[in-house]
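Open the model in your viewer and keep the sequence panel beside it. The tour goes from selection to selection.

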Amino acid sequence: MAKHIKAITSRLGVPLVFKSSFDKANRTSSKSFRGPGLTEGLRILEKVKLAYDIPIVTDVHETIQCEAVGKVADIIQIPAFLCRQTDLLVAAAQTGKIINIKKGQFCAPSVMVNSAEKVRLAGNPNVMVCERGTMFGYNDLIVDPRNFEWMREANCPVVADITHSLQQPAGRKLEGGGVASGGLRELIPCIARTAVAVGVDGIFMEVHNDPLNAPVDGPTQWPLRHFEELLEELISIAKVSKGKQQFKIDLTRFED
């Protein structure tokens with residue numbers, strides 16, 4: 001994936017940070033694939049980083065992981081479920097790496113102001129926040145475009161996760177019992193267009209060459225064969241959007 005994605009983003013002139021996880025500790029089912037683990041996972045990520053000359057982002061779930069991850073990753077990601085965990089935010093911040101905090105599905109956008117401040121108070125000004133949807137009932141997420149605007153109050157870059165935000169958590173029943181997360185892959189372009197038009201600073205996107213057989217988040221993986229086409233469209237939208245500019249509203253009486 002790194003090889004193909006790097007080739008496409010290089011052609012289009014888009015900066016790339018490659019994301020993959022060494023351990024998906026919050027899978028819906030204990031039977032689900034989690035990953036190769038910390039040691040082997042970081043070895044693979046470092047190999048990808050050096051082979052393709054790209055920065056790496058990966059997530060941490062425990063404070064004891066931060067030091068080792070900080071030696072490989074350029075950006076450390078805080079999972080949405082853990083976005084308020086002070087000890088984890090501080091431990092990640094103390095690595096000195098950029099910290100990407102995903103907004104919890106249960107959180108108002110204003111919570112990200114406090115989470116980002118926890119990183120800064122730990123001595124690290126390098127922080128960004130990421131919108132990944134808000135719970136809408138039990139098995140659905142909704143993306144509120146207003147959050148892209150309100151999260152700017154954290155005074156840092158705002159990223160839109162355009163694939164995880166279309167998950168349907170625990171919304172898919174499995175044969176033999178149990179549940180897994182479903183997703184609305186067909187709406188990825190819709191959310192992506194909206195986010196870029198509003199004026200986010202970056203997009204987070206799951207891409208796979210074989211989505212139907214992806215070991216993690218298959219229902220929200222965007223097909224590699226369509227990646228360049230969608231990215232070209234998003235670049236075009238970004239070029240004409242004024243989403244990052246505050247609209248000056250004049251409320252004085254209009255006279256002919």
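Is Glu 233 buried, partly exposed or exposed? Select Glu 233: its relative accessible area is 29%, so Glu 233 is partly exposed. Here buried means under 20% relative accessible area, exposed over 50%, and partly exposed in between, with a 1.4 Å probe and protein chains only.

Before moving on, two notes on the source. This is a predicted model, in which local features need pLDDT of at least 70 and side-chain atom pairs count only at pLDDT 80 or more, while totals for chains, interfaces and linings use all residues. Residues are numbered from 1 along each chain as its sequence is written, and side-chain values use heavy atoms, with hydrogens and water left out.

**Salt bridges**

The term stands for a side-chain nitrogen of Lys or Arg within 4 Å of a carboxyl oxygen of Asp or Glu. Helices (H or I, at least four residues) and strands (E, at least two) are DSSP runs, numbered from the N terminus. Arg 193 is partly exposed, at 36% relative accessibility.

Next, select Arg 11 and Glu 228, whose side chains form a salt bridge at 2.8 Å, N to O. Arg 11 belongs to helix α1 (residues 2-12) and Glu 228 to helix α8 (residues 227-240), so the pair ties together parts 217 residues apart in sequence. Arg 11 is exposed at 54%, whereas Glu 228 is partly exposed at 24%.

Then go to Lys 244 and Asp 201, a salt bridge whose closest N and O atoms are 3.1 Å apart. Lys 244 lies in the segment after α8 and Asp 201 in the loop between α7 and β11 (202-204), 43 residues apart. The structure holds 12 salt bridges.

**The sheet**

Now show the strands. Seven of them make an open sheet in the order β1-β2-β3-β4-β5-β8-β11, with parallel pairing; strands pair if DSSP finds at least two bridges between them. β1 (18-19) and β11 are at the edges with a single partner strand each, so one side of each has no neighbour in the sheet.

Zoom to β3 (residues 75-78) and β4 (residues 98-102), which run parallel and are joined by four bridges. Ile 75 has Ile 98 as its bridge partner in β4.
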